[in-house]
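Subject: Structure handover

Hi,

Here is the structure I promised to pass on. Please open it before reading further.

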Amino acid sequence: MSAPVVKMAGRCFYQLYKLSNSAGRLASGKTGIRQFSGAVVKNAAEPWRLLGAACVQRLAVISADQRPLEAKFSELMNQMELERSLMSDHELRLLDDKERLRRRQAVDYDSDEEEEADRDQDIVLTQDLEDAWEQRLKGFATQPRARGVVDARLERADRCLAEPLLLLTQQEVGPERLWMLPQTPWEAGETLKTTAQRALSATPGLDLQTVFLGNAPCGLYKYRMPRSVRDREGLTGVKVFFFKAVVSGPLPPPAPSSLWVRQSELKDYLKPSYLEKIRPFLLNL
């Protein structure tokens, strides 16, 4: 029994010895930690410029065209549903009308056998209803799914109704004018979501009703300033926080310096590094 007790006591004395040495080093300022050099601390203290950006999508208004496999599967499901379904009231009434006509065309037909209600009122046959519906259907004109002139105008939000669209605005970044999501610098006292909403409302000529999906950002894009800008303004770089939103009201009219583009068209307007950050959270609905 004495051996384990002696061993445990030795461990306790060793831990006390280590603690006393650590305290001595802290008191003398010799911590032995090298990774926190003066240069690293200075860089960590340099500020970043924060921006809020709104990722606004207009979701698809109509269903997309079916691919060959989808059309084949849909046809199969419709056939299975037809084979397993019961007759509707309209189909049952159609059978009753056929039976009534068969009895009337028979040689031994007796009108006294018909019900009193049938003799007192005009009977509208189901086939007459179907003929009337057919005439109404011929007078109904559907709108084309593809509208070449409208779909080619990128400033219109009602283009490419079968695909989701993303709002881009043209903004000045240094000496360049770049296409990007609506963004604006963060101001003290407001949340980043409020900043993104303010960026959207500040877009010239854009009358848009949106719903923001959540309070947390859905993505982050950051880049460092050139050395000359860092030395002059004391900024390390820029951090852009993205907030996702969808159009909730009527489609807005065209606005200057604004485009509604499909996901396949983003590469023509956005820089690759910027596009790489926003593509993962885009809704493909």
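This is a predicted model: local features need pLDDT of at least 70, side-chain atom pairs count only at pLDDT 80 or more; totals for chains, interfaces and linings use all residues.

Nonpolar cores
The largest nonpolar core has 26 residues. Leu-166, Leu-168, Leu-181, Phe-242, Leu-266, Tyr-274 and Ile-278 touch the most other members. Strands S1 (48-58), S2 (165-173), S3 (176-180), S7 (237-247) and S8 (258-261) each give two or more residues to this core, as does helix H10 (272-278).

Phe-242
Leaving out residues up to four places away in sequence, Phe-242 touches Ala-53, Leu-181 and Pro-217, then Cys-218, Gly-219, Leu-220 and Tyr-221, and also Tyr-274, Ile-278 and Phe-281.

Thr-184
Thr-184 sits in strand S4 (residues 183-185). Its relative accessibility is 15%, so Thr-184 counts as buried; the cut-off is under 20%. With residues up to four places away in sequence not counted, Thr-184 touches Leu-51, Gly-52, Thr-195, Arg-198 and Ala-199.

Surface patch
In soluble globular proteins, nonpolar side chains tend to be buried together. Now look at the surface. Phe-73, Leu-76 and Met-77 make a nonpolar patch of about 300 Å² there. Phe-73 belongs to helix H3 (residues 68-84). Is Phe-73 buried or exposed? Phe-73 counts as exposed because its relative accessible area is 51%, and the cut-off is over 50%.

Best wishes

Methods:
Residues are numbered from 1 along each chain as its sequence is written. Side-chain values use heavy atoms; hydrogens and water are left out. Patches are made of residues with over 30% relative accessible area and no salt bridge: like charges are joined within 9 Å, nonpolar side chains (Val, Leu, Ile, Met, Phe, Trp, Tyr) within 5 Å. Accessible areas come from the Shrake-Rupley method with a 1.4 Å probe; for residues, only the protein chains shown count as cover. A salt bridge is a side-chain nitrogen of Lys or Arg within 4 Å of a carboxyl oxygen of Asp or Glu. Helices (H or I, at least four residues) and strands (E, at least two) are DSSP runs, numbered from the N terminus. Buried means under 20% relative accessible area, exposed over 50%, partly exposed in between (1.4 Å probe, protein chains only). A nonpolar core is a set of buried Ala, Val, Leu, Ile, Met, Phe, Trp, Tyr and Cys residues joined through side-chain atoms within 4.5 Å. Contact means heavy atoms within 4.5 Å.
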